[in-house]
Amino acid sequence: MIFVLTGAGLSAESGLGTFRDAGGIWSRYDLEDVATPQGYARDPVRVLDFYNARRANAAGARPNAAHGALARLEREAGAMLVTQNVDGLLEAAGAADVLHMHGRLDRALCNRCRRSWEAPEVMCPFDACPNCGAQAVRPDVVWFGEMPYGLDEIEAGLARAALFVAVGTSGTVYPAAGFVDAARDAGVATLELNLERTGGRFDDARYGPASEVVPAWVDEVLGPPRT
Ligand code: OAD
């Protein structure tokens, strides 16, 4: 089984910004303000506004060739797709089962009872939770200091994998940044597909824009797509 971990670089060519490249999201916003429970407690309106803007961006974005190639890899080779991205572009490209370890922009979460539901286009602090009525809504995204989703499933996936592939991620945010070493320690082959070399210890790598490098690699694995 091929285990694929994706990051913001996968969606960069779809017009969604990355975090740590020059001009990236964390050069324009302080992550302590908009991506921590403490930031939300201090100023929920600022946090909801930040994610409302990102939700609007994501809603207008279209998947690129890399999303399409990974959806094909899932369909034809049973690859496991795990993403740190909160957009739905892999699903928009046809992927059936994507594990969103950092949550999703199109889901809302009650900060009191933890029920989640489909997010409205614009979330506001006076929205009431449909389950408990609390005015404590937030996006269902994982913030710094919170536990990512699906870690048990991910661990099981890494244990079954024959190949671990990281696509468009800088490998700076844990636990995802540690997956490559966990895979290597388990004797799994590792491959990096990224615009540029990162600090991760991979057995093999291809560098270039995801929309070129990913489809080319998937064609090597599966053969060219049937038309
Ligand atoms: P980063 O912004 O840290 O890294 C993006 C990576 O994509 C970099 O290594 C870029 O070189 C690469 N890249 C940029 N454009 C590319 C392209 N067109 N094709 C291929 N690669 C490209 O984003 P992530 O690693 O996803 O978490 O960041 C991980 C987490 O940090 C995010 O999920 C988010 C963020 O803070 C939370 O908010 C909890």
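**View 1. R46 is partly exposed, at 36% relative accessibility.** The model shown here is predicted. R46 pairs with D43 in a salt bridge. The closest N and O atoms of D43 and R46 are 3.8 Å apart. That gap counts because a salt bridge needs the nitrogen within 4 Å of the carboxyl oxygen. D43 has a relative accessible area of 27%. D43 is therefore partly exposed, as its value lies between the 20% and 50% limits.

**View 2. A salt bridge links D203 and R184.** Their side chains meet at 3.2 Å, N to O. D203 sits in the loop between β8 (189-194) and β9 (204-207), while R184 belongs to helix α9 (residues 179-185), so the pair ties together parts that are 19 residues apart in sequence. How accessible is R184? Its relative accessible area is 28%, which makes R184 partly exposed.

**View 3. D204 and R206 form a salt bridge.** Here the closest N and O atoms are 3.8 Å apart. Are the two partners buried, exposed or partly exposed? D204 is partly exposed, with a relative accessible area of 38%. R206 is also partly exposed, at 27% relative accessibility.

**View 4. Shared partners build a network.**

Key
Residues numbered from 1 in each chain as written. Predicted model: local features only at pLDDT ≥ 70, side-chain atom pairs only at ≥ 80, totals over all residues. Heavy atoms only, no water. Buried < 20%, exposed > 50% of the residue type's maximum accessible area, 1.4 Å probe, protein only. Helix = DSSP H or I, 4+ residues; strand = E, 2+ residues; numbered from the N terminus.
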